[in-house]
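The following paragraphs guide a reader through a protein structure, from its overall plan to individual side-chain contacts. Please keep the model in view while reading.

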Amino acid sequence: METRANYVLIGSFALLATVFLLLFVLWATKFGADRSWQRYQVVFTEPVVGLTEGAGVQYNGISVGTVDKLSLDPADPRRVVALLKLKADIPVKVDTRAKLSQQGITGVPFILLSGGSPNAPLLQPPPGSDIAVIRTEPSALQNIADTANRLVARLDELLSEDNIRHINATLANLEQTSAALAAHRQDIAQLVVNARDASASLKTTLDTANGTLQGLDRNLVQRLPAVLDKLDASIARLDAAAGNADALIRENRPAIRSFTHDGLPQLEPTLVELRGLVRDLRVLSGRLQGNPARYLLGRDAPKEYEPK
């Protein structure tokens, strides 16, 4: 019995040692794996159609890891949270951006990392968390989809019922205008001929006017020196006359001053008497014109005999 009990103890110890050794190996393997990889989080605000767990992650076209987990944000189900497992030596910077991409048009979707300037610091986890969050940017597929949606919306507005009705009315008006132009085809042709003739006449008139203006300019240029000479002579004469008048005034300044102070006050009574004399002469002239004989002889003029 004691021998069997020893065997049981030995077997149990060996089994426990084996289990412990296996657990240690698993822990060491996981610890080494965790040290070889670094986890990051990416939050997409657009649908990630075709992206699955285990999909590749590329940094500027080089494979650097995989998508470890995909889930919806519990606070906002419109956002998709992707947990990335990247190699520990990959320099993920604060300006690194993630977007959804795919190989070709119908290829397998993957996450593409880009950016990361040399002077930018490494991306660090936010306070209270051990996973850093890589910011995203719209993917090419999302841009194409948004552009297509805008184009479709604009086409819907362009091809609305009102616009189609207006286009039909415009086409009808154009058809009526074309028919009216066709009906007056000869009149339009005559109008074009008249316009051509008027243009030719206008050209002839302009040529004639241009020749006349050139002749006037030529005559003016030829006569301009003589006119300038006469103008200079006139200005010289005016200057001489002004000088003579100035000299005359300067010589007779005492007489002019005496006339201004003494002669002008006496001139006013003279003008008054002269005005009365003119008035008397006007009365005398009227009397002479009316009855000169009575005014001169002091009696009426003799009456002429008229035989009966």
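The term pLDDT denotes the predictor's confidence in each residue, on a scale from 0 to 100. It applies here because this is a predicted model. The protein averages a pLDDT of 76, and 74% of the residues score at least 70. Among the elements, strand S4 (residues 80–87) has the highest mean pLDDT, at 91, while helix H6 (residues 292–297) has the lowest, at 57.

The overall plan may be taken next. The protein contains six helices and seven strands. Along the sequence these elements follow the pattern α-β-β-β-β-β-β-β-α-α-α-α-α. Of the 308 residues, 14% count as buried.

In general, the strands of a sheet pair through backbone hydrogen bonds, either parallel or antiparallel.

Strand S1 (residues 37–44) runs parallel to strand S7 (residues 132–136), and three bridges join the two. Within this pairing, Val42 has Ile134 in S7 as its bridge partner. Strand S5 (residues 97–102) is likewise parallel to S7, to which two bridges join it; here the bridge partner of Arg97 is Arg135 in S7. The antiparallel sense is found between strand S2 (residues 56–59) and strand S3 (residues 62–72), which pair over four bridges. In that pairing Gly56 has Thr66 in S3 as its bridge partner.

The discussion now turns to charged side chains. Side chains of opposite charge can pair when their charged atoms come close. A search of the whole structure finds three salt bridges. One of them joins Asp68 and Arg39, whose closest N and O atoms are 3.6 Å apart. This pair links distant parts of the chain, since Asp68 lies in strand S3 and Arg39 in strand S1, 29 residues apart. Asp68 counts as partly exposed because its relative accessibility is 31%, and Arg39 is also partly exposed, with a relative accessible area of 30%.

Another salt bridge is formed by Arg79 and Asp73, with the closest N and O atoms 2.4 Å apart. Are its two members buried or exposed? Arg79 is partly exposed, with a relative accessible area of 32%. Asp73, by contrast, has a relative accessible area of 11% and is therefore buried, the cut-off for that class being under 20%. In a further salt bridge the side chains of Arg78 and Asp76 meet at 3.0 Å, N to O. Arg78 has a relative accessible area of 67% and so is exposed, as that class begins over 50%.

Which residues form the nonpolar patch on the surface? The patch consists of Leu271, Leu274, Leu277, Val278 and Leu281, and together these residues have about 440 Å² of accessible area. Val278 is found in helix H5 (residues 253–290). This residue counts as partly exposed because its relative accessibility is 39%, a value that lies between the limits of 20% for buried and 50% for exposed residues.

Note on methods:
Residues are numbered from 1 along each chain as its sequence is written. This is a predicted model: local features need pLDDT of at least 70, side-chain atom pairs count only at pLDDT 80 or more; totals for chains, interfaces and linings use all residues. Side-chain values use heavy atoms; hydrogens and water are left out. Two strands pair if DSSP finds at least two bridges between them. Patches are made of residues with over 30% relative accessible area and no salt bridge: like charges are joined within 9 Å, nonpolar side chains (Val, Leu, Ile, Met, Phe, Trp, Tyr) within 5 Å. Accessible areas come from the Shrake-Rupley method with a 1.4 Å probe; for residues, only the protein chains shown count as cover. A salt bridge is a side-chain nitrogen of Lys or Arg within 4 Å of a carboxyl oxygen of Asp or Glu. Buried means under 20% relative accessible area, exposed over 50%, partly exposed in between (1.4 Å probe, protein chains only).
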